[in-house]
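Here is a short briefing on one chain. Have the sequence and the coordinates open while you read.

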Amino acid sequence: RSHAAEMTMTAFVSFLVFCQVLGALTGACTAVWGELAYIRAMRDGAIDAAERAHLNVIAKGLRFGMLTILLSSFGLVVTAYLLRTDPQPALSPEYWTVIILALLVTGISWALSRKRISFAFGSAIIFTGWWFLAYLTLGWMPPLSFGGAVAFYVVATGIFYAVLQYARFLLLDSGQTQ
């Protein structure tokens, strides 16, 4: 291979990694924004048209983040295959953790939108999933086996469930006593 071709592929891989991180950070930050917007919308006990429009913008941000993660992950796997890198990303626990988390966040978001899962539980799963995706794509997650990552995720989801419920209780209770 020529030096120019290697430089082009390196730049392309860097671009895909950037897109993957951008998607994960967009989703994680939008999940925080969504939690805050939901609490603000529910303080008066009902979601009006303006608040619903605001929540729809957040939903579009979450869709953009997920689409960016999935497309860039697919691009990285195809590029690694074409470059014959060793080991292939699809053989790593980190890759499968990202893919399973992306599918879990997508599936739970669908179930939440159809009211097939409680808001408190679904939002904790989604919130934790987005932050796990952000940490994984940034390389800040410690190296774990797939089973270890699942166990860590389950424990973190339980913790976020409790923290988010407590925050909602405090913020919604303080808004109703004013």
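The sulfur of cysteine 29 lies 16 Å from the closest cysteine sulfur, that of cysteine 19, which is too far for a bond. The model is predicted: local features need pLDDT of at least 70, side-chain atom pairs count only at pLDDT 80 or more, and totals for chains, interfaces and linings use all residues. Residues are numbered from 1 along each chain as its sequence is written, and side-chain values use heavy atoms, with hydrogens and water left out.

**Cysteines**

- A disulfide is a pair of cysteine sulfur atoms within 2.5 Å. The count by this rule is 0 disulfides.
- Cysteine 19 is in no disulfide. Its relative accessibility is 13%, so cysteine 19 counts as buried (buried means under 20% relative accessible area, exposed over 50%, partly exposed in between, with a 1.4 Å probe and protein chains only).
- Cysteine 29 has 47% relative accessibility and therefore counts as partly exposed.

**Overall build**

- The chain has 5 helices and 0 strands. Helices (H or I, at least four residues) and strands (E, at least two) are DSSP runs, numbered from the N terminus.
- From the N terminus on, the order of elements is α-α-α-α-α.
- The C-alpha atoms fill a box of roughly 70 × 35 × 25 Å along the principal axes.
- Of the 178 residues, 36% count as buried.
- Contact means heavy atoms within 4.5 Å. Take the contacts between residues at least 6 apart in sequence: 74% of them join residues at least 24 apart.

**Surface and charge**

- The accessible surface of the chain is about 10700 Å², and 71% of this belongs to carbon and sulfur atoms. Areas come from the Shrake-Rupley method with a 1.4 Å probe; for residues, only the protein chains shown count as cover.
- The chain carries 11 positive and 8 negative charges, and their mean positions are 8 Å apart. Lys and Arg count as positive, Asp and Glu as negative; His and the chain ends are not counted. The place of a charge is NZ of Lys, CZ of Arg, CG of Asp or CD of Glu.

**Salt bridge**

- A salt bridge is a side-chain nitrogen of Lys or Arg within 4 Å of a carboxyl oxygen of Asp or Glu. The count is 1 salt bridge.
- Glutamate 35 pairs with arginine 168, and the closest N and O atoms are 2.8 Å apart.
- Glutamate 35 sits in helix α1 (residues 3-42) and arginine 168 in helix α5 (residues 146-176), so the pair ties together parts that are 133 residues apart in sequence.
- Both glutamate 35 and arginine 168 are buried.

**Helix α2**

- Serine 72 belongs to helix α2 (residues 49-83). Serine 72 is buried, at a relative accessible area of 2%.
- Neighbours within four places in sequence aside, serine 72 is in contact with Leu16, Cys19 and Gln20.
- Leucine 70 is also placed in helix α2. Leucine 70 is partly exposed, with a relative accessible area of 32%.
- Leucine 70 and proline 143 are 73 residues apart in sequence; C-alpha to C-alpha, they are 21 Å apart in space.

**Loop backbone**

- A cis peptide bond links aspartate 86 and proline 87, with omega about 0°. Proline 87 is in the loop between α2 and α3 (93-113).
- Arginine 84 is not a glycine, yet has a positive phi of about 55°. Arginine 84 lies in the loop between α2 and α3 and is exposed, with a relative accessible area of 73%.
- Lysine 115, not a glycine either, has a positive phi of about 60°. Lysine 115 lies in the loop between α3 and α4 (119-138) and is exposed, with a relative accessible area of 75%.
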